[in-house]
Amino acid sequence: MRHFLSIATVLCFVSSAFAQIPYHTQTFIVDPGAVAREHYVDFTHMKLDVSFVPTEGLVKGKVEHTFKVIRPKVDSIILDGVDIRYASVMLDGKKADHIKTDEKLTILPKIALTFGSEHKITIEYECYPRSGIYFIGWNDPNNLSRKQIWTQGQLNDNRHWIPCYDTQNDKLVTEVTVTFDKEYKVLSNGTKVSEKDNGDGTKTWHYKMTHPHPTYLVMLGIGRYEIDRRTSASGVPINLWYYPDWKDRVEWAYKYSVEMFDFFETEIGVPYGWESYSQIPVQDFMYGAMENTTATLFGDFFFVDKNGYLDRNYVAVNAHELAHQWFGDLVTAKSMQHHWLQESFATHYNLLYEREAFGQDHFDWRRRGSAQSAFNASKTDLKPIANSTAGTARHYPKGALVLDMMKYVTSREEYNRAVKYYLEGHKYQNVDSEDLMEAFLETSGRPMDWFWEEWVYRGGEPDYKVTFEDLGDKSRFTVTQKQVESDVMGLFKMPYVFEVHYKDGSLDTKTGWIENKTHVIDIPNPLKKTVDYVLFDPNSRVALKTVTFDKTFEMLKSQALKAEHMLDRHDAIFALRDTSIDNKIALYKQIIDKKDEFHAVKAEVVHQLANNSDSRAQAVIKKAISDKSVEVRQSVVNNIKFIDESMLTDYEELLNDASYVTIEKALEKLCLQYPASAQKYLEVTKGIDGYRGNNVKVKWLEMAFANDVKYKDQLVDLTSVSYEFLTRNNAMQSLQNLNYFNEKLLRNLLDAAFNPNGRLAGPAKDTIKYFYKQNAYKKQISDYLRDNKWNDRQQEIIDSIL
């Protein structure tokens with residue numbers, strides 16, 4: 001008791017002595033993915049030999065792992081392997097004791113392995129994977145689908161077809177040997193060492209890497225392809241794979257592919273770190289694309305023609321996956337907490353190349369969209385970008401803007417030096433967020449801990465209220481931070497530019513750091529010039545913020561017509577949404593007549609006027625219908641609710657538009673609102689397939705079915721396994737719109753619902769639910785499900801639907 005009292009007395013003294021010292025506490029959201037996976041050995045090499053029975057979805061494999069022991073003694077080696085049958089497990093050439101579970105393989109050496117020793121595990125196996133590797137088209141009874149085999153390893157799905165240490169915090173050199181039908185081509189990571197004809201109708205392809213990478217980036221792509229071979233300015237071979245029947249699309253699908261490669265090597269300042277670079281399109285890919293080391297695999301819905309290029313092209317995704325060859329492949333996050341180091345960087349650099357290809361206005365508009373994604377995410381929670389559960393909106397667009405603002409508060413030169421140091425210092429290694437922050441300190445002596453705490457380790461965004469006062473001899477801005485402060489979001493500290501534009505065309509500007517609850521920024525105006533308009537943070541350089549800044553109509557009008565940056569002009573038009581048409585129509589005529597105005601500004605005008613029956617508004621819309629920008633024309637057809645007969649001829653012209661999306665929307669609205677003329681509209685658009693999911697063809701069949709039921713079977717057929725998933729999805733939606741159902745459709749829907757591609761299975765389940773809720777179809781569906789046999793997995797899916 002005396003001992004306890006003594007300690008308590010000392011603690012009271014210490015507490016009293018330091019009571020006057022202010023403490024700064026840091027509070028962060030707990031992250032389950034913060035810690036990297038523990039491992040006792042370092043895998044250095046993997047040699048994989050595989051063949052397939054594609055009609056059965058069977059993988060036959062042999063894998064050899066070389067590893068070094070990194071603990072004093074190791075008595076077990078754990079590999080990932082999901083539902084794999086092992087025929088043989090060897091350690092250093094001898095049969096090894098092992099324990100198999102549904103998800104792991106544990107090898108048990110007879111004698112504990114010692115630090116620094118090198119060993120080999122050799123495994124022969126078979127599996128029928130449901131993830132990681134996909135067999136496309138081999139079960140199509142109509143033989144219409146492409147036949148392919150391809151893989152998708154991220155995050156940890158390669159373990160479904162390769163027994164391996166399937167986590168990103170260990171890198172190894174890989175080589176892959178594939179034996180398959182010689183009528184097909186095979187792509188894998190690295191350099192193709194050999195391609196051997198076996199004389200039995202098969203070939204064996206051998207690919208090998210020369211530098212280490214994580215196992216989730218190991219890939220295969222098998223199908224019928226041709227290759228467009230190009231070379232970067234630095235001499236790197238670039239191999240662009242394509243379907244032979246889509247040769248005419250190569251120009252548009254792969255537009256800027258070499259140019260962006262050269263741009264990244266210059267902008268990043270670090271040479272491409274691999275042997276070559278290939279790209280391969282595949283059918284039914286469940287994401288956009290995947291940055292497998294040296295070999296990007298992407299959904300063939302991006303393989304667009306000249307018209308599809310206008311609607312959605314591959315340029316941004318192409319640049320994103322290429323950037324990953326540096327950010328994600330060359331350096332890889334140690335754990336999922338630092339996943340933003342891969343996706344945010346790739347997104348930031350794809351935006352930089354988009355600016356190179358499409359201009360500053362395009363870049364700024366993409367920044368605005370990225371910011372909106374972040375704001376939407378913050379409505380749910382305040383997770384930071386450095387969190388494994390932050391979600392796509394933060395790992396991709398928000399993180400990209402954080403990097404852009406990082407460049408803003410330092411400089412492009414400082415930022416580039418830090419990134420170069422970061423990449424070169426950790427080449428072929430794993431990294432975390434601190435490594436990037438350290439790079440700034442090492443290259444420019446700049447501590448960035450405040451920025452990291454604010455934008456990387458904590459969530460949310462600032463919300464400002466800005467007011468302006470013209471005080472004659474000076475202009476006054478008052479800025480107040482309105483966001484609710486909490487343990488995980490406080491006040492933000494950032495530099496902002498304030499601009500005062502005068503009627504005589506001159507300008508005063510001042511930069512001030514906003515970090516307190518309220519700041520007052522005064523800009524002297526000794527000549528008492530007349531203020532025209534004012535700006536807080538011109539061009540939204542600090543993109544991650546929301547602002548309330550009320551301005552007069554005259555000030556907004558001047559801003560809309562005169563501001564240098566598109567975002568400032570757009571924001572002025574947006575602020576006039578509640579202004580009467582009498583006040584703003586003259587301004588909007590000027591905007592729509594500006595030939596060089598960016599499409600987003602004009603589209604905002606269209607949004608406000610499209611459904612206004614005022615003849616002045618309709619005159620503006622008439623001009624928008626014929627605007628040179630596809631986005632402006634699309635904004636018309638997307639916003640219009642009812643097509644007035646006086647404008648009918650103008651809208652009919654959209655059936656001949658260069659954009660497939662515009663044609664689809666125009667066809668639907670014209671047929672539904674003017675059914676007497678539907679046959680005429682169908683004749684104009686007959687034979688147009690469109691792009692992503694045959695969008696025009698499916699909509700054409702839907703509109704034609706409304707007039708002639710003979711097209712019902714064609715729509716049902718498009719939901720079958722003979723077609724890629726976007727066409728199937730579009731056809732499902734059209735059949736819901738028509739409320740048409742039969743047993744053949746149900747069979748197709750169930751096949752889709754059982755598919756491992758969630759982007760197909762999800763809509764199929766929803767379609768079954770849609771019809772099951774209707775008494776007219778409920779019994780038919782129930783009887784079919786009862787009268788047929790289903791395996792356990794299929795029954796589980798059926799139960800979840802019903």
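Ser734 is buried in the predicted model. Its relative accessible area is 3%, so it falls below the 20% limit for burial. The residue lies in helix 23, which covers residues 725-738. Beyond the residues up to four places away in sequence, Ser734 touches Val698, Glu702 and Leu715.

Helix 7 spans residues 360-378. At 1.5 Å a residue, its 19 residues should span 27 Å. The end C-alpha atoms are 27 Å apart, so the two values agree. The buried residues of helix 7 are His362, Phe363, Asp364, Arg367, Ser370, Ala371, Ala374, Phe375, Ala377 and Ser378. An α-helix has 3.6 residues a turn, so residues three or four places apart point the same way.

Helix 24 (residues 743-753) packs with helix 25 (residues 758-772) at an angle of about 140 degrees. Their axes are 7 Å apart. The angle makes helix 24 oblique to helix 25, because only values over 145 degrees count as roughly antiparallel. The crossing of helix 24 past helix 25 is left-handed. On the helix 24 side, the contact involves Leu745, Leu749, Leu750, Ala752 and Ala753. These meet Leu760, Ala761, Ala764, Lys765, Thr767, Ile768 and Phe771 in helix 25. By class, the residues of this contact comprise 10 nonpolar, 1 polar and 1 charged.

Terms used
Residues are numbered from 1 along each chain as its sequence is written. This is a predicted model: local features need pLDDT of at least 70, side-chain atom pairs count only at pLDDT 80 or more; totals for chains, interfaces and linings use all residues. Side-chain values use heavy atoms; hydrogens and water are left out. Axes are lines fitted to C-alpha atoms, for helices over the stretch in contact, and angles run from 0 to 180 degrees between N-to-C directions. Helices (H or I, at least four residues) and strands (E, at least two) are DSSP runs, numbered from the N terminus. Angles under 35 degrees count as roughly parallel, over 145 as roughly antiparallel, 65 to 115 as roughly perpendicular and the rest as oblique. A crossing is left-handed if the near helix is turned anticlockwise from the far one by less than a right angle, and right-handed if clockwise. Contact means heavy atoms within 4.5 Å. Ala, Val, Leu, Ile, Met, Phe, Trp, Tyr, Cys and Pro count as nonpolar, Asp, Glu, Lys and Arg as charged, and the others, Gly among them, as polar. The expected span of a helix is 1.5 Å times one less than its number of residues. Buried means under 20% relative accessible area, exposed over 50%, partly exposed in between (1.4 Å probe, protein chains only).
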